[in-house]
Amino acid sequence: MSDASTKDTDTPAADSAAPSNATHFGFRDVDPSQKQGLVNSVFRNVAGRYDLMNDLMSVGVHRLWKDGMVDWLAPRKSGSAYETLDMAGGTGDIAFRIAHRSGGHAKVLVADINDAMLEEGKARAATDPMGDRLSFACMNAESLPLEPNRFDAYTIAFGIRNVPDLDAALREAFRVLKPGGRFMCLEFSHVVVPLLDDVYETWSFEAIPRIGQLVAGDRESYQYLVESIRKFPDQRAFEARISAAGFSRVTHRNLTGGIAAIHSGYKI
Ligand SMILES: C[S@@+](CC[C@H](N)C(=O)[O-])C[C@H]1O[C@@H](n2cnc3c(N)ncnc32)[C@H](O)[C@@H]1O
């Protein structure tokens with residue numbers, strides 16, 4: 001059962017017409033079993049241009065947000081190795097930062113469902129002085145083939161909104177963290193500054209798909225990305241989901257007026 005029509009599910013009427021177990025692929029209602037395949041084709045299409053497109057779409061600001069996440073994480077620089085799982089790690093932006101910020105003390109497993117993204121990350125690791133601190137593995141955030149209580153930190157940046165079953169991913173994050181381990185998620189969120197909201201709306205829906213067309217020859221993948229951002233829960237709603245997965249001391253910091261937010265929680 002699926003509904004892959006282009007109806008806009010932002011309206012309550014559209015939502016009530018959707019199948020009860022439907023999830024979203026951008027603004028489309030889809031059956032949960034369809035979403036992952038659609039997401040995978042987006043990231044296969046964009047993998048080769050992913051890093052360049054991130055810079056263009058965010059005018060470089062994503063680098064500051066990622067730095068902000070790793071600064072807040074503050075990975076350990078002494079004692080035993082700081083074991084980190086960078087989930088939906090893609091080309092490794094967060095993993096490299098953690099390895100460098102820890103002075104090489106962190107060991108980061110970069111996990112992603114998409115081999116094409118991981119291959120880009122492996123190529124970067126081959127030329128990065130901290131490349132040997134990273135390892136790469138293909139896996140689904142919803143069901144991790146990893147033992148419980150293993151990691152000091154679980155990070156996920158701009159990944160969780162793509163996962164069909166967000167709550168399953170949060171439960172798995174909780175399971176694989178050690179007691180005392182830290183969950184951190186960087187994700188697009190909901191703008192809390194009214195005028196910025198208008199500018200951001202125009203940039204997202206007018207500029208980004210066009211840049212995708214011009215630079216990557218792919219408008220649709222970037223249309224999905226901006227739509228998926230709008231469908232993601234706001235800061236408070238996402239905090240509640242993180243808490244429901246078992247995490248304590250759940251809090252968030254807004255970035256650039258709420259365009260993005262970093263969420264943090266602990267397994268206690
Ligand atoms: C926007 S990229 C983020 C990459 C990287 N974390 C960054 O910040 O640059 C989203 C990533 O999520 C991955 N992804 C989507 N669904 C996933 C799933 N169910 N399990 C693991 N990774 C997934 C995609 O393959 C893609 O590499």
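The legends below describe close-up views of a predicted model. Residues are numbered from 1 along each chain as its sequence is written, and side-chain values use heavy atoms, with hydrogens and water left out. Local features need pLDDT of at least 70 and side-chain atom pairs count only at pLDDT 80 or more, while totals for chains, interfaces and linings use all residues.

**View 1. The residues around the ligand.** The shell around the ligand holds 21 residues, each with a heavy atom within 4 Å of the ligand. Gln36, Ala88, Asp112, Ala141 and Ala157 come nearest. By class, the shell has 12 nonpolar, seven polar and two charged residues; Ala, Val, Leu, Ile, Met, Phe, Trp, Tyr, Cys and Pro count as nonpolar, Asp, Glu, Lys and Arg as charged, and the others, Gly among them, as polar. Helix H2 (residues 32–46) gives the largest share of the shell, three residues; helices are DSSP runs (H or I, at least four residues) and strands are DSSP runs (E, at least two), numbered from the N terminus.

View 2. A polar contact here is a pair of N or O atoms within 3.5 Å. The side chain of Gln36 places an N or O atom 2.8 Å from a nitrogen atom of the ligand. For Asn140, a polar side-chain atom lies 2.9 Å from a ligand nitrogen, and for Ala157 a polar backbone atom lies 2.9 Å from a ligand nitrogen. The protein covers 99% of the 600 Å² of accessible area that the ligand has on its own, by the Shrake-Rupley method with a 1.4 Å probe.

**View 3. The largest cavity.** On a 1 Å grid over the protein atoms alone, a cavity is a set of points where a 1.4 Å probe fits but cannot get out, and lining residues have an atom within 4 Å of a point. One cavity of 30 Å³ or more is found in the whole structure. The largest cavity has a volume of about 340 Å³, a volume being the space filled by probe spheres set on the points, which are joined across faces, edges and corners. Of its 27 lining residues, Ala88, Gly89, Asp112, Phe158 and Gly159 are the closest to its centre. H2 gives the most to this lining, with four residues. The ligand takes up the space of the largest cavity, in that more than half of its atoms lie within 2 Å of the grid points.

**View 4. The largest pocket.** A pocket is an open set of points with protein on both sides within 12 Å along at least five of seven lines. The largest pocket holds about 410 Å³ of space. Among its 23 lining residues, Met57, Ser58, Trp65, Phe188 and Ile208 are the closest to its centre.

Methods:
A polar contact is a pair of N or O atoms within 3.5 Å; within protein, one must be able to donate a hydrogen and the other to accept it, and residues adjacent in sequence count only if both atoms are side-chain atoms.
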